[in-house]
Amino acid sequence: MPEGSAPPPDRTAVLPIQGKGLTFERGTRRILGGIDIEIGGQGTLVLIGPNGAGKSLLVRVLAGLVEPTAGSVAWAGIPPDRRRAPKIGFVFQRPVHLRRSALANVTYALAIAGVPKAERTERALAALARARIAHLAQSAARVLSGGEQQLLSIARALATEPEILILDEPTSALDPAATTAIEGLLVAVRGEGVPVLLITHDLGQVRRLADEVAFLHHGRLIERTPREEFLARPRSPEALAFVRGEIVL
Amino acid sequence: MQDFASAFGEAFRLIAALDASLAEIVWLSLKVSVSATCCAALIGLPLGALVAIATFPGRPLVILLINALMGLPPVVVGLMVYLMLSNAGPMGGFGLLYSPAAMIIAQTVLITPIIAALSRQTIEDLRQEYDEQLRALGVGPVRAVPTLIWDGRFSLATTLLAGFGRASAEVGAVIIVGGNINHVTRVMTTAIALETSKGDLALALGLGFILLTIAILINALVMGLRATATRAAYA
């Protein structure tokens, strides 16, 4: 390599995930309005904002699931590709599981990630144990409770040892016990050095989990600050209203 | 009335005694219809999966065509296959006309659209449900096909049974291309038509009972599959 030239991009890595000028329009409606964002630093980044702010769409665009109308996404400096998708653990608001057992759902993800067959069952069981649902390994995934299904989603996402975990309101429909179980798992994941990007509406969750907060409003990234600063001194009137619990339209 | 009663009695006697002619006809019917269902599955399932997953110009037209072909009149299918297999037809050189192979071809043509259309619907519904999750896992369209077929296996099995039911109950196409030749191409439906016209109600009724039993068994199998799928939360 000639002296002074940039190193070649790592074609197996995904971090950092960068979005530049991310815009998404549906008809005449602009849902994302030219967002610049970089994720993948240490700790938990919480993406917060009122309904319709564009949070779910933004993370889908960053995860390569939706093409932006304008702007670009790069994973570790190069455009997203399917081969690296297992490096991003993505957990949806409503879990979708194959019509198979909990164990088979996890081994399927491992097979897609290219894990040798001989290792899959052991790794899948370890992932289920980590989510404290190893006893449900042989149960049909779709008869599990809402909380168990979401824990299975997280176990499946973590089984492939992703570089980052992205969760789209994983606890929005769950009771406090299930929410506690999921939050405990997220704290453990963060402690292992895996960056977490979490979408939530819940200010309590911001207090409990966030290292950094990004506030989205009407498709624009209004501010991105450390948690303490966001909660104590929000920079924008919209964020201030949100933190005070006022209705933000 | 007395004749009908004795015909019923004779029909049951033929079934109970496993009458050789009756058994031969039933065996050939099953062979032809099972073979046709297998052939139609080999064509219809991948075709249904392809149309469900691929996006290409004219896709809605292809779906419309496949759906419309589900209602193909058997006699028209029989006529088309006859023209293909007759000495003057493009496949006349194979000498298949008036053979069980011709009947398998006709039934395959008849039920392939049914299997393709129903499997497309099953796989497309499943794809809509799984699409985002599979893409998040890094699953491409080609790799998604076996996943969707496996997860839709109970519904697809029901589709195959529907195809088999249609094939085994069909008479118009097989009588044209098979010719209803005794010991060669005589199946249950063509035999029932012939024996009724001859006034031999006993054999016709015996075959009718067996055909009805097969239809009931198929429906029982479908119900069993549904129940299994629901029990395992696979539905």
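Modeller: One definition first: two strands pair if DSSP finds at least two bridges between them. Also, keep in mind that this is a predicted model.

Biologist: Fine. How many helices and strands are there in chain A?

Modeller: Take the overall dimensions first: the C-alpha atoms of chain A fill a box of roughly 55 × 50 × 40 Å along the principal axes. A compact globule of 249 residues would have a radius of gyration near 18 Å, and the 19 Å of chain A agrees with that. As for secondary structure, the count for chain A is eight helices and nine strands.

Biologist: What percentage of the residues in chain A is buried?

Modeller: The cut-off here is 20 or more other C-beta atoms within 10 Å of a residue's own. Among contacts in chain A with a separation of 6 or more, 66% link residues 24 or more positions apart. Of the 249 residues in chain A, the buried part is 44%.

Biologist: On to the strands. Which residue stands opposite A:Ile199 in S7(A)?

Modeller: S7(A) covers residues 196-200, and since five of its five residues are buried, the rest of the structure largely encloses it. A:Val196, A:Leu198 and A:Thr200 point one way, while A:Leu197 and A:Ile199 point the other way. S7(A) pairs in the parallel sense with S3(A), residues 44-48, over five bridges. In that pairing, the residue opposite A:Ile199 is A:Leu47.

Biologist: And which residue stands opposite A:Leu198 in S7(A)?

Modeller: For that one, go to S6(A), residues 164-168, which runs parallel to S7(A) and is joined to it by four bridges. S6(A), helix H5(A) (residues 176-191) and S7(A) make a right-handed β-α-β unit. The residue opposite A:Leu198 is A:Leu167.

Biologist: How far apart in space are A:Val91 and A:Leu47, C-alpha to C-alpha?

Modeller: A:Val91 belongs to S5(A), residues 88-91. It counts as buried because 26 other C-beta atoms lie within 10 Å. Neighbours within four places in sequence aside, its contacts include A:Leu167, A:Asp168 and A:Pro170. A:Leu47 is 44 residues away in sequence, and the C-alpha distance is 14 Å.

Biologist: Which element gives the most to the largest nonpolar core?

Modeller: That core has 132 residues, and A:Val106, A:Ala155, B:Ala106 and B:Val177 touch the most other members. Leaving aside neighbours within four places in sequence, B:Ala106 is in contact with residues including B:Val77, B:Val81 and B:Val177. With 19 residues, the element that gives the most to the core is H5(B).

Biologist: Then the contact between the chains. How many residues does it take from chain A?

Modeller: Chain B puts in 14 residues. Seven of these, the largest share of that side, come from H5(B), residues 100-137. By type, the chain B side divides into seven nonpolar, three polar and four charged residues. From chain A, the number of residues is 17.

Biologist: A:Glu161 has a positive phi although it is not a glycine, so what is its value?

Modeller: A:Glu161 is found in the loop between H4(A) (146-159) and S6(A). It is partly exposed because 14 other C-beta atoms lie within 10 Å. Its phi is about 50 degrees.

Biologist: Last one: is B:Leu18 buried or exposed?

Modeller: B:Leu18 has a positive phi as well, near 50 degrees. Its place is the loop between H1(B) (2-16) and H2(B) (20-53). Because it has 9 C-beta neighbours inside 10 Å, B:Leu18 counts as exposed.

Methods: Residues are numbered from 1 along each chain as its sequence is written. Chains are lettered from A and ligands numbered from 1 in the order in which they are written. This is a predicted model: local features need pLDDT of at least 70, side-chain atom pairs count only at pLDDT 80 or more; totals for chains, interfaces and linings use all residues. Two residues are in contact if their C-beta atoms, placed from the backbone, lie within 7 Å. Helices (H or I, at least four residues) and strands (E, at least two) are DSSP runs, numbered from the N terminus. Ala, Val, Leu, Ile, Met, Phe, Trp, Tyr, Cys and Pro count as nonpolar, Asp, Glu, Lys and Arg as charged, and the others, Gly among them, as polar. A residue is buried if 20 or more other C-beta atoms lie within 10 Å of its own, exposed if 12 or fewer, and partly exposed in between; C-beta atoms are placed from the backbone. A crossover is right-handed if, with the strands pointing away from the viewer, the path from the first strand over the helix to the second runs clockwise. A nonpolar core is a set of buried Ala, Val, Leu, Ile, Met, Phe, Trp, Tyr and Cys residues joined through C-beta atoms within 7 Å. The radius of gyration is taken over C-alpha atoms; the globule rule is 2.2 Å times the number of residues to the power 0.38.
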